[in-house]
Amino acid sequence: MLDVQELELNMGPQHPATHGVLRLILKVDGERIVDAKPVIGYLHRGTEKLFENQTYPMNVPHTDRLDYIAAATNNHAYCGAVEKLLGVEVPRRAKFIRVMLDELQRIASHLVWLATHALDIGAMTPFFYTFRERELILDLFEEYCGARLTLNCMTIGGVPEDLPEGWIDKLKEFISIFEEKIWDYENLLTDNRIWKKRTIGVGIISPEDAINYGLTGPPLRGSGIKYDVRRAIPYEVYPELDFEIPIGKNGDTYDRYLVRMEEMRQSIRILKQCIEKIPDGEIQTKGLKFIKPKPAEVYFSVEAPKGELGFHIISDGSPKPYRVRVRPPSFINLQALPSMVKGHLIADVVAVIGTLDIVLGEIDR
Amino acid sequence: MSQQSEKKGQPEYLDAMRNPLVIKLKEKFKENILDAKTYGNELTIWISKDILIPLCKELWENNFIYLVDIMGIHQPNKEKNFALSYILHNFKNNERIRLKVEIKESELIPSLTEIWKGANWLEREAYDMFGILFSNHPNLERILMWEGFEGHPLRKDFPLKGINTGAAIYPDVYPEGGGPPKKEDKNA
């Protein structure tokens, strides 16, 4: 009779495939995962406490540091929440600029996801391809606001700067380049036999479970639920724009890959429409020099690359918020990881972490 | 070029007791529905903590099958000094409501993990940050702070600069109080 025993294995917190400082305590039976327990909090900086001790405009740069590879959507969610609290309508040109920055950010974030996800599974080439195109997006950001990662590119009531001269032309050039390059990534992966073997049937989550766990973003849509904040609770100019919400069928890693690839194409579609429709005019609402809202409580969310990113703000009549809570998509998506990896191999844990597309800055806040 | 960039002014809280959903709930739960108001387009319902589970089950029947978020609040000026804000979503007509429950410190509040598995970490976070205790929670332990940490950081009486946790990292390299060694020490 063989002596069988379960082994406890620590993965992380310093592990290249955990995308930051995520620690997983895995219970393994041979190579099979019996149970997994994520341990988080290694990057906790007390952002919510800081928010309470600063005035409303001072908090915008802090939001950059939540999901640090998609700063524009963080700025958008926070500024949108304060605008909702104040009942402010943003000028139309600023709305278009915001949507363009959001969609560029979505593409940039998905490119980082594709690069690291493929690298974790063992495909190295997509990394070089995607980072080449991401560089062009970061250049566009740099020209717009001076920063490449921590953008701080939105203000309460609009955007800080108008588009620089020639920016739209550069954006058009980027679109024409990117539309071709996206096929390069697909050619490398979509029909690749190794890629399919590593992703199809791995990390399946049923639609019922996805809702029960509160997943949002591509993990929810990969399971076949058509929910996107841009369509469900529209904000800015999304109702006027024509785009589709891609959904998957099986809820596995491969479907989530297809959903994100299609999302990048849809973002390009949105950008093209924005270039055509963007009007002239103001970019900042007047009369927001000193923000002191009456007591109220609001919740506002945007569709960030990782899912629904929301901000709750409670005001108490002072220039500082009484309480700010971030609803981070990665935090809630990560919760489903143990149920997704049970019964799979250790190597599949890496694939599932990649497919959830987590950022620890947002999870630990 | 006329742009609608004027400030419309902050919205007011409006009474929402005549809202069809609130009337329906009021029939079933009577005086346990304390109040209902709208702010902008957000409906908030204040409820007592005893009916949280049955109310959420009732709302589940009414297509509110998705728990968006749970927020803990510390309000030391009020008699019921803690509050929880639940946001539920309805996929059918993309409607959202907020449930608000106020409790005293050390009062137990029922856990929603039996309805939504996703409530697990959200409630752990409320416990970690505020010390709000949940009954029937499968695994109520700290999530962002480490085990053994004393205090709850998001309470209003917790200092912004933090507390001395007694943790010493490399005590022979860094003196007590943290930070790099002083210049005199270096030369010595």
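This is a predicted model: local features need pLDDT of at least 70, side-chain atom pairs count only at pLDDT 80 or more; totals for chains, interfaces and linings use all residues.
**Chain A, overall**

I began with the secondary structure of chain A and found 15 helices and six strands. I then looked up its radius of gyration, which is 21 Å; the globule rule gives 21 Å for 365 residues, so chain A is as compact as a globular protein of that length. The box that holds its C-alpha atoms is roughly 80 × 45 × 35 Å along the principal axes. For burial, I noted that 53% of the 365 residues in chain A are buried. I also checked contacts between residues at least 6 apart in sequence: in chain A, 70% of them join residues at least 24 apart.

**The sheet in chain A**

I followed one open sheet in chain A, made of three strands in the order 1-2-3 with antiparallel pairing. Strand 1 (7-11) and strand 3 (32-39) stand at its edges with a single partner strand each, so one side of each has no neighbour in the sheet. I recorded an average twist of 25° from one strand to the next. Between strand 1 and strand 2 (residues 23-29) of chain A I found five bridges, in the antiparallel sense.

**Chain B, overall**

I turned to chain B, which has four helices and eight strands. Along the sequence I read the pattern β-α-β-β-α-β-β-β-β-α-β-α. Buried residues account for 30% of the 188 residues of chain B. Among its contacts between residues at least 6 apart in sequence, 43% join residues at least 24 apart.

**Strand 3 of chain B and its partners**

I took strand 3 (residues 42-47) of chain B next. Strand 2 (residues 33-39) of chain B runs antiparallel to strand 3, and six bridges join the two. Within this pairing, B:Thr38 has B:Leu43 as its bridge partner. The hairpin of these strands has two residues between them, and there I found B:Gly40 with a positive phi near 65°. Strand 3 also pairs with strand 6 (residues 95-103) of chain B, in the parallel sense and over five bridges. In that pairing I noted B:Ile45 opposite B:Leu99.

**Where the chains meet**

I looked up the contacts between the chains: 43 residues of chain A are in contact with 36 residues of chain B. Which elements of chain B each supply at least two residues to the side that touches chain A? They are strand 4 (66-74), strand 5 (82-90) and helix 3 (119-130). Strand 4 gives the most, with six residues. By class, I recorded 20 nonpolar, ten polar and six charged residues on this side of chain B.

**A:Gln335**

I ended on one residue of chain A. A:Gln335 sits in the loop between helix 12 (329-334) and helix 13 (337-341). Is A:Gln335 buried or exposed? It is buried, because 22 other C-beta atoms lie within 10 Å, and the cut-off for buried is 20 or more. Leaving out residues up to four places away in sequence, A:Gln335 touches A:Tyr213 in its own chain, and B:Gly118, B:Asn120 and B:Trp121 in chain B. I also checked A:Gln335 against A:Cys79: they are 256 residues apart in sequence, and their C-alpha atoms are 27 Å apart in space.

Notes: Residues are numbered from 1 along each chain as its sequence is written. Chains are lettered from A and ligands numbered from 1 in the order in which they are written. The radius of gyration is taken over C-alpha atoms; the globule rule is 2.2 Å times the number of residues to the power 0.38. A residue is buried if 20 or more other C-beta atoms lie within 10 Å of its own, exposed if 12 or fewer, and partly exposed in between; C-beta atoms are placed from the backbone. Two residues are in contact if their C-beta atoms, placed from the backbone, lie within 7 Å. Ala, Val, Leu, Ile, Met, Phe, Trp, Tyr, Cys and Pro count as nonpolar, Asp, Glu, Lys and Arg as charged, and the others, Gly among them, as polar. Two strands pair if DSSP finds at least two bridges between them. Axes are lines fitted to C-alpha atoms, for helices over the stretch in contact, and angles run from 0 to 180 degrees between N-to-C directions.
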